[in-house]
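Welcome, and thanks for taking a look at this report. Please have your viewer ready and follow along as we go.

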Amino acid sequence: ILSASAYFCFQLLCSLSLRKLDAFLIAAVLFLFPGVDVVVFWARSNFITLCPLLACLAVIKTLRHAPLRWPIVLLVSAITIYPPWAMFYWALLAMVIVFTKNPPNPPFKKNILRLFLVGIISLAVYAGLIFLMKHLYTHFNPQALSDLGPYNPYKTTSDWFGKMQWFAHEP
């Protein structure tokens with residue numbers, strides 16, 4: 001993130017008619033300043049905390065009978081940012097089922113069905129995005145999967161024995 005930001009700052013300074021050497025030195029001094037590292041780390045950690053918030057919003061939108069596309073977009077966004085935290089959605093679904101005051105009535109069953117539908121569709125969309133990225137990644141770089149080394153998310157997702165073996169051998 002820092003290197004991309006420094007590059008864009010360099011390009012901006014060059015477009016403002018600064019010499020390349022001056023633009024490079026200004027960008028280097030600006031982005032090698034320790035405070036910038038702290039701000040970028042803070043922004044990254046806050047970005048990850050969006051996951052449970054997006055999952056909560058997906059549950060709220062589903063329970064308020066919003067069109068299904070909005071909760072699906074919110075949950076896919078949460079899964080894309082950080083999948084383990086996005087699974088908070090399923091914890092909220094369990095809380096809705098366990099801690100409801102009313103006995104299971106038709107509107108309650110409809111809400112539970114909508115919540116499951118949003119979760120399943122979101123996971124399917126995310127899986128489709130992963131397979132699409134795998135296809136595009138290998139299309140432009142045929143040796144890409146062999147270059148990933150021991151941590152290959154595309155190989156270990158369907159190779160359960162390989163995943164357990166990798167888990168046992170990694171420190």
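The text below covers helix packing, one serine and the cysteines.

This is a predicted model, in which local features need pLDDT of at least 70, side-chain atom pairs count only at pLDDT 80 or more, and totals for chains, interfaces and linings use all residues. Residues are numbered from 1 along each chain as its sequence is written, and side-chain values use heavy atoms, with hydrogens and water left out.

**Helix packing**

Helices here are DSSP runs of H or I with at least four residues, numbered from the N terminus. Let us begin with helix H4 (residues 50-63), which packs against helix H7 (residues 88-98). Helix H4 also packs against H8, a helix that spans residues 106-140. Axes are lines fitted to C-alpha atoms over the stretch in contact, and angles run from 0 to 180 degrees between N-to-C directions.

| Helix pair | Angle | Axis separation |
|---|---|---|
| H4 and H7 | about 40° | 8 Å |
| H4 and H8 | about 140° | 9 Å |

The angle makes H4 oblique to H7, and H4 and H8 are likewise oblique to each other. For reference, angles under 35 degrees count as roughly parallel, over 145 as roughly antiparallel, 65 to 115 as roughly perpendicular and the rest as oblique. The crossing of H4 and H7 is right-handed, and H4 passes H8 in a right-handed crossing too; the term means that the near helix is turned clockwise from the far one by less than a right angle.

Which residues make these contacts (heavy atoms within 4.5 Å)? Towards H7, H4 uses Pro-52, Ala-55, Cys-56, Ala-58, Val-59, Thr-62 and Leu-63, and H7 answers with Phe-88, Tyr-89, Leu-92 and Val-96. By class, that contact has 10 nonpolar residues, 1 polar and no charged. Towards H8, Val-59, Thr-62 and Leu-63 of H4 meet Asn-111, Arg-114, Leu-115 and Val-118. This contact divides into 4 nonpolar, 2 polar and 1 charged residues. Nonpolar covers Ala, Val, Leu, Ile, Met, Phe, Trp, Tyr, Cys and Pro, charged covers Asp, Glu, Lys and Arg, and polar takes the others, Gly among them.

**A serine in H8**

Ser-122 is found in helix H8. Ser-122 has 0% relative accessibility and counts as buried (under 20% relative accessible area; exposed is over 50%, partly exposed in between, with a 1.4 Å probe and protein chains only). Apart from neighbours within four places in sequence, Ser-122 is in contact with Ile-72, Leu-75, Val-76 and Ile-79.

**Cysteines**

The structure holds 0 disulfides, a disulfide being a pair of cysteine sulfur atoms within 2.5 Å.

Terms used. Helix = DSSP H or I, 4+ residues; strand = E, 2+ residues; numbered from the N terminus. Contact = heavy atoms within 4.5 Å.
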